[in-house]
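Please consult the sequence and the coordinates while reading.

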Amino acid sequence: MAAAAEAITLPERMPSAGVRIGYFAMVLGMFMAILDIQIVSSSLSEIQAGLAASADEISWVQTSYLIAEVIMIPFSGYLSRLLSTRVLFVASAASFTIASIGCAFANSLEAMIVMRALQGFLGGAMIPTVFATVYLIFPRSRLASATVVIGLVATLAPTIGPTLGGYLTQLMSWHWLFLINVVPGVIVCLLVWSFMDIDKPDFSLLEGFDYLGLAAMALFLGSLEYVIEEGPRHDWLADETIRNFAIACTIGGVLFFWRTITHENPVVDLKAFRNRNFATGCLFSLTIGVGLYGLVYLMPLYLARVRGLNSLQIGEIMFVTGIVQFMAAPIAGAMARKVDPRPVLAFGFSLLALSTWSMAHLTAEWQFNEMLVPQILRGAALMFCIVPINVISLGTLPAEEVKNASGLYNLTRNLGGAFGLAGINTVMIDRTALHWNRLVEAVNPGRWEIQEYIDNMGVRLAQPLQSDDTVLAAKLLGSKVSQQAYVMAFGDCFFLLTLLFAAAALAVAFAKRPILVGSSGGGH
């Protein structure tokens, strides 16, 4: 395919001030939608107490949101063409805001799950719509700067989510995790409706609508998200419910892909994957999803379970990454404007690999000082990754494919996060057990080092060891063994992530340089 045929037609001039205001209001709405995933995760225990739910039940507060959102994201391209960008985004933002109020006032677990599902499904269209709109309203000369803004929002929201959630819960109550969306949600709706009339609806798409394809997609993606989310905690296919959802996922997937290939007007058009850059860009998006959501999960988990820090203390440590992202954003934007995005992306993945490699050597004593450099590297790396990935993925598509492709592109990032969390939890469970067994073999009471440790416990207790004290010393020793096994499993996770990001840096060679031309540069 020739370069001109692959290039996206961009406007020749900057959009009006009103359109720019409306666009940045859309970015704020996207920030709310992404933030809502992580802001709740840090306060699940408080929500659990407020709703009198069990530890297993409360996970559905997150799972229901993610399942619903992952169904809407690829469907948003079709809805955007059907309803127009303005109508879809305002409807999505308004529904998200109303559902947030419902979550805040939910008085039972069942009501919370329903509201969270509505919040995820109805608000899920905001994210891909923003990614598509940037390619439809900005000229080539300003595209990199606009892409930096959405890249910063897409990476910053998960980073500061746990911190903000911890502050809101401790200073006020968990209800404010949802009420915080109300005022920004109203502002977003008013501004987008007033200024973002950039395209027209196409109601002819309703003719021959593929209801079966939509149902198959919902079954496929919803079941897949459930299996990925719940699998690690229930030993995967050893659990009957997981097996049933895996079967449903397989059936839904086969039916969905069949309908997508054979139906004249499919709900999700997969032909964008014929573009090599879009296909490789989606793989990079999948990978950055693993890094973005996986590391935001893994590092606080270590600080909470090994170091015993609360959510506010963890947030103060993790906030370093957010500060570095702000500092790196203009540099990433300038590089995106002036150089080929492929070496920038390779550099970003290399920085990310270096960050996780340094974390692979962590010990049970690591805290702020030891984690400072890895977090600085991670913050910079995320910005040097997300901006070129956006350009590589969407920068060579025809304009008529961008809306649909944006949904697929954002879906891969969400699935990457889900796969990453599932993989991390599985590795943590398996490797902790492996290291514990090996350490227990080494902690033989007949070894003089172990006997010396038990004897020294008497000195620390300032009295000779009695039989009960010997049991206490053994328990303390067992606790240390468990902690070290856990820390070693964390190191294994970071090492595996290093291999993933290093491989992604090498895979950049398979992408072609995106060519962005203005409307004067030719058609499709």
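**Glu230 and its surroundings**

Q: With which residues is Glu230 in contact, leaving aside its neighbours within four places in sequence?
A: Contact here means heavy atoms within 4.5 Å. Once the neighbours within four places in sequence are left aside, the contacts of Glu230 are Ser59, Thr63 and Ile242.

The model is predicted: local features need pLDDT of at least 70 and side-chain atom pairs count only at pLDDT 80 or more, whereas totals for chains, interfaces and linings use all residues. Residues are numbered from 1 along each chain as its sequence is written, and side-chain values use heavy atoms, with hydrogens and water left out.

Q: Is Glu230 buried or exposed, and in which helix is Glu230 found?
A: Buried means under 20% relative accessible area, exposed over 50%, and partly exposed in between (1.4 Å probe, protein chains only). Glu230 has a relative accessible area of 3%, so Glu230 is buried. Helices (H or I, at least four residues) and strands (E, at least two) are DSSP runs, numbered from the N terminus. The helix that holds Glu230 spans residues 211-230 and is α12.

Q: How many helices and strands does the protein have, and what percentage of the residues is buried?
A: The protein has 20 helices and 2 strands. Of its 524 residues, the buried share is 55%.

Q: How are α6 and α7 oriented to each other?
A: Axes are lines fitted to C-alpha atoms, for helices over the stretch in contact, and angles run from 0 to 180 degrees between N-to-C directions. α6 and α7 pack at an angle of about 165 degrees, with their axes 8 Å apart. Angles under 35 degrees count as roughly parallel, over 145 as roughly antiparallel, 65 to 115 as roughly perpendicular and the rest as oblique. The orientation of α6 to α7 is therefore roughly antiparallel.

Q: Which residues of α7 meet α6?
A: On the α6 side are Ser92, Ser95, Phe96, Ala99, Ser100, Gly102 and Cys103. The residues of α7 that they meet are Met112, Met115, Arg116, Leu118, Gln119, Leu122 and Gly123.

Q: Where is Asn107 placed, and how far in space is Asn107 from Gly50, C-alpha to C-alpha?
A: Asn107 lies in the loop between α6 (85-104) and α7 (109-123). Its relative accessibility is 69%, so Asn107 counts as exposed. Asn107 and Gly50 are 57 residues apart in sequence, and their C-alpha distance in space is 8.2 Å.

Q: What is the phi of Ser84?
A: Ser84 is found in the loop between α5 (60-83) and α6, and at 4% relative accessibility Ser84 counts as buried. Most residues other than glycine have a negative phi. Ser84 is not a glycine, yet its phi is positive, at about 95 degrees.

Q: How are α14 and α16 oriented to each other?
A: Helix α14 (residues 276-305) and helix α16 (residues 341-359) pack with their axes 12 Å apart, at an angle of about 30 degrees. Phe284, Thr287, Ile288, Leu295 and Met299 in α14 meet Leu345, Phe349, Leu352, Thr356 and Met359 in α16. The orientation of α14 and α16 is therefore roughly parallel.

Q: How many disulfides does the structure hold?
A: A disulfide is a pair of cysteine sulfur atoms within 2.5 Å. Cys189 counts as buried because its relative accessibility is 14%, and Cys282 counts as buried because its relative accessibility is 4%. The number of disulfides in the structure is 0.
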